[in-house]
Amino acid sequence: MRAFVLRARAAPTDSRRLREGVGQAAHTEILAHSLMNALFVAQSHRDDVTVYLVLESTQDYSRTVAFVADDIRDLGGFHEQALLDRIASALDVSQGMGKEQTRTVAPGITVSTLSFEKLVQDLANDYQLYIMDKKGEPIQDVDFPDNPCFLLTDHIPMPKKSFNSLKRLGAEKISLGPKMLFASQCVVLIHNALDIQGV
């Protein structure tokens, strides 16, 4: 099983603001683009992939919206608007939730009031964690295990203190090249590297 975690530090947990954030400072379109590239291939979708979108611009708790490819029945399409609508509906479902609670949104889609830190701690029990870093090991040189989990961010870089806690969880740094890429571009390159390896 492959997993992707997109830490969207600027993404609002209010569904109206999420929709209004497309092309604005929050760049909420990054969520849809990353989700699209993680779940879909030409004329089909990928199996054995889970995507976690962690939205952190909030008045109470971060929201983690999880998409489990094997269990999803219908996303309403794979264009940007359809995917943002699915994320927005998950945020509406999450209204009034307490800390670290989970609700089902639709088959294969859940929303939780989990922080990025708590989510990653949980995932570290089942996955080998990888974080993007230009100084990391080139991805083509990495021998990936069966359960890799890749940690990405939106346009706001990961805080330095996060790197220390991720290192304690065994996260390894990997590089996709010398240029800073969009999270959605990273997803494509990661999938390709794993496809070539047959993981």
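Start with the whole structure: a search of it turns up 9 salt bridges, a salt bridge being a side-chain nitrogen of Lys or Arg within 4 Å of a carboxyl oxygen of Asp or Glu. Side chains of opposite charge can pair when their charged atoms come close. Before clicking on, keep in mind that this is a predicted model, where local features need pLDDT of at least 70, side-chain atom pairs count only at pLDDT 80 or more, and totals for chains, interfaces and linings use all residues. Numbering runs from 1 along each chain as its sequence is written, and side-chain values use heavy atoms, with hydrogens and water left out.

Select Arg7 and Glu117. Their side chains meet in a salt bridge at 3.2 Å, N to O. This one ties together distant parts of the chain: Arg7 sits in strand S1 (residues 2-12) and Glu117 in helix H4 (residues 116-123), 110 residues apart. Helices (H or I, at least four residues) and strands (E, at least two) are DSSP runs, numbered from the N terminus. Arg7 is buried, with a relative accessible area of 5%, while Glu117 is partly exposed at 36%. The cut-offs are under 20% relative accessible area for buried, over 50% for exposed and in between for partly exposed (1.4 Å probe, protein chains only).

Stay on H4 and pick Asp122 with Lys118. Their closest N and O atoms are 3.2 Å apart, forming another salt bridge. The two are 4 residues apart in helix H4, so about one helical turn separates them. Asp122 is partly exposed at 31% relative accessibility, and Lys118 is partly exposed at 26%.

Next, go to Lys173 and Asp133, a salt bridge with its closest N and O atoms 3.6 Å apart. Here too distant parts of the chain are linked: Lys173 is in strand S10 (residues 172-175) and Asp133 in strand S8 (residues 128-138), 40 residues apart. Then highlight Arg2, Arg46 and Asp195, which salt bridges with shared partners join into one network.

Last stop: show helix H2 (residues 29-39) and helix H6 (residues 183-197). How do they run? Their axes come within 8 Å and cross at roughly 10 degrees, which makes H2 roughly parallel to H6; angles under 35 degrees get that label. Axes are lines fitted to C-alpha atoms, for helices over the stretch in contact, with angles from 0 to 180 degrees between N-to-C directions. To see the contact (heavy atoms within 4.5 Å), select Ile30, His33, Ser34, Asn37 and Ala38 in H2, which meet Ala183, Ser184, Val187, Val188 and His191 in H6.

How values were computed. Parallel < 35°, antiparallel > 145°, perpendicular 65-115°, else oblique.
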